[in-house]
Amino acid sequence: MLLNLLFNLRNQGLKVGSGEWLAFLRGLELGLAESLDQLYYLARTVLVHTEAHYDAFDVAFKATFDGVELPAPLKDELSTWLANARQLEEGRVGHHDFDSLEAMRKELEKRLAEQKERHDGGNHWVGTGGTSPFGNSGKADQGIRIGGEGGGRTAVAVAGERRWAGYRTDVQLDVRDFKVALSMLRRFGREGAEHLDIEGTIDKTAKNAGEIELDIKRERINRVRLVLLMDTGGSMEPNAALVSRLFTAAKQLKTFKTFEAWHFHNCPYQWLYSDYRTFQRKPTAQVLDDLTAQHRVVWVGDASMAPWELFQGAGWGEPGPTGLQWLQRFSQRCPSSIWLNPDPERYWDHPTVRAIGATVPMFPLTVDGLRRGMQRLRVAS
Amino acid sequence: MSSFQGSARYIADDGLLADVNAAVVLGRPLLVKGEPGTGKTVLAAAVAESLGMSAATWSIKSTTKAVEGLYTYDVVQRLNDARFGEGDVRDIRRYIRYGVLGKAFVAPERTVVLIDEIDKADLEFPNDLLRELDEMAFHIPELDETVRAVHRPVVIITSNAEKELPDAFLRRCVFHYIAFPDRERMKKIVDVHLPGLPEKLLEAAFSRFYGLRRLEGLRKRPSTSELLDWLTVLVRAGIPPEDVMAKFPFPGVLLKQEADLDVAKIRR
């Protein structure tokens, strides 16, 4: 049963480490979960580390415990289990030779994983009656029984309410989320104005037996230069608010050495627009010229368009490189590039999305996606 | 071991109680996140009061270093003493001063330590505390001594999520997110701070308050402390409940930014 919870959590994409799982088991051992409600809170507090995963936890918890009969209070269950464990540790029960609680726990997990069906009265499987060290005597009919009445509102019902759905980071994004993710992009170098570090000077002087030793430092400056290129209009219209929040966040953050933003439609061609409404524009080749390998390039767009717009068109019927060629030029010049796609990943199976994804690593425009993207930008330099 | 039940002035829900107790029993630090004004910082004091322990706060700033919470070695004092011949400068121990965590480790009784706003510190800060919080022990190279916690202190860490905390750090904590209180719980909270407010006024104020919080595009949503201030002002000024809804008096108490006031006006 508990192992099912672990698997369900994994299915929901929550990576539970062995350290946390052991802490959870230890919590059970110490009597922190005497009812299913308490089990819910214990598991959540130990196994989940961000409110963004609360909802996924609820889903996993409900999947594990929904429809499970809850006759015996969990407390009895665990104390029986632990009493057995203690006896075993002291060697009072002869016919199951576990040399430690740990060994018994492992065996329990193994059997739970193997057991497929109901077992009564046996001596091996987890079940009722019988002589197996695991399970419940009499009332239970499968696995370690988790019981819990109390208050009428069971943890499963609470989990079923999905109260935390609004906190999922793979769904909701505001300016602040963007800022937190973007602020991962920092690479400090001491290249600002010089100033006397008083603390450092005192420290050095003291260590130098009182001979004055000046400590002069340069200010720490974030060396990252950020370029944001955004697809605007057309199929991107529904995402306009999201993209503008990303833009606002990048602009407000002010931690980058330089920040510039450009607009294009579908794909970059000869011109990039600093403002679409007033048609202020600059030749793409010039923008490209100003970029260095130190620039981090972030593309935002749904990357889906008619194939000819990417592979043939040079934009508005003018001669010149195709959209894909422009993208390749950018990627060659700035190896640290990512593409953020506001469309959910299930829509990415599209020829132009695949082609662009092969040129620039693509991530979904969610907090998680953005975070992964930023990590990519951080290492790729 | 007695367990945390909330206190007369601190209203906690079941989830928070359970998570605090898990932290206390497991001896793991409790990381608390939540919107401003949900009572993260005062939690530690409430826990200490409820469990009959003493509490100490380590307020984190952007310049705070992890080692400062453990101990500092006062080199300057030692140098000064050496120059002016005061005291025994050979005994380095005299110049080692324990920080908040260090004191909690050597305390003869279990105490509560609040590490407030850990996300204010440098990105590496949490990593520098990993081992110390895990083993509840630290090494002082100057003395070549290891200080081990006599009793694992109850460590409560608050974060406003300004920076991401490293995974390795998160794995060693138990976590609780304080949801913004719903009307029912807010009523209890208000009752603790401003007892005996007329029902009608509360209803009207809550409707206005929660309505504001639902508005899209606010830069800073009003929180509990602003609501309490606002209620105090409303009572002092003797505003009748009808006017609270109809006129929205003293909006500046709830909304602190010019732009937010505009948003509230337009979308009213």
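Modeller: Two residues are in contact when heavy atoms of theirs lie within 4.5 Å. Please keep in mind that this is a predicted model.

Colleague: How many residues does the contact take from chain A and from chain B?

Modeller: By that cut-off, chain A gives 29 residues and chain B gives 31 residues. The area buried between the two chains is about 2500 Å², and carbon and sulfur atoms give 61% of that area. In chain A, the residues that lose the most area to chain B are Y41(A), T45(A) and H49(A), together 23% of what that side buries.

Colleague: What makes the meeting of E51(A) and K33(B) a salt bridge?

Modeller: The rule asks for a side-chain nitrogen of Lys or Arg within 4 Å of a carboxyl oxygen of Asp or Glu. The side chains of E51(A) and K33(B) meet at 3.3 Å, N to O, and this value is within 4 Å, so the pair is called a salt bridge. Across the interface of chain A and chain B, the rule finds one salt bridge. The count of residue pairs in polar contact between these chains is four.

Colleague: Which elements of chain A give two or more residues to the side that touches chain B?

Modeller: They are α2 (18-29), α3 (36-47), α8 (175-182) and α9 (198-207) of chain A. By class, that side of chain A has 14 nonpolar, six polar and nine charged residues.

Colleague: Why is T201(A) called buried?

Modeller: A residue is buried when its relative accessible area is under 20%. The value for T201(A) is 10%, so this residue is classed as buried. T201(A) is found in helix α9 of chain A. Leaving aside neighbours within four places in sequence, T201(A) is in contact with L196(A), E213(A), L214(A) and D215(A).

Colleague: Which residues of helix α9 of chain B are buried?

Modeller: In this helix, residues 183-193, the buried ones are R185(B), M186(B), I189(B), V190(B) and V192(B).

Colleague: How do you know that the buried residues of α9(B) line one face of the helix?

Modeller: Seen down the axis of α9(B), the buried residues fall within an arc of 155°, so they line one face. In general, an α-helix has 3.6 residues a turn, so residues three or four places apart point the same way. The buried residues of α9(B) pack against α10 (199-214) and α11 (224-237) of chain B.

Colleague: What does the secondary structure of chain B come to?

Modeller: Chain B has 14 helices and nine strands. Of its 268 residues, 49% are buried. Among contacts in chain B between residues at least 6 apart in sequence, 73% join residues at least 24 apart.

Note on methods
Residues are numbered from 1 along each chain as its sequence is written. Chains are lettered from A and ligands numbered from 1 in the order in which they are written. This is a predicted model: local features need pLDDT of at least 70, side-chain atom pairs count only at pLDDT 80 or more; totals for chains, interfaces and linings use all residues. Side-chain values use heavy atoms; hydrogens and water are left out. Buried area is the accessible area (1.4 Å probe) that two parts lose on being put together, summed over both. A polar contact is a pair of N or O atoms within 3.5 Å; within protein, one must be able to donate a hydrogen and the other to accept it, and residues adjacent in sequence count only if both atoms are side-chain atoms. Helices (H or I, at least four residues) and strands (E, at least two) are DSSP runs, numbered from the N terminus. Ala, Val, Leu, Ile, Met, Phe, Trp, Tyr, Cys and Pro count as nonpolar, Asp, Glu, Lys and Arg as charged, and the others, Gly among them, as polar. Buried means under 20% relative accessible area, exposed over 50%, partly exposed in between (1.4 Å probe, protein chains only). The arc is that of the directions from the helix axis to the C-beta atoms.
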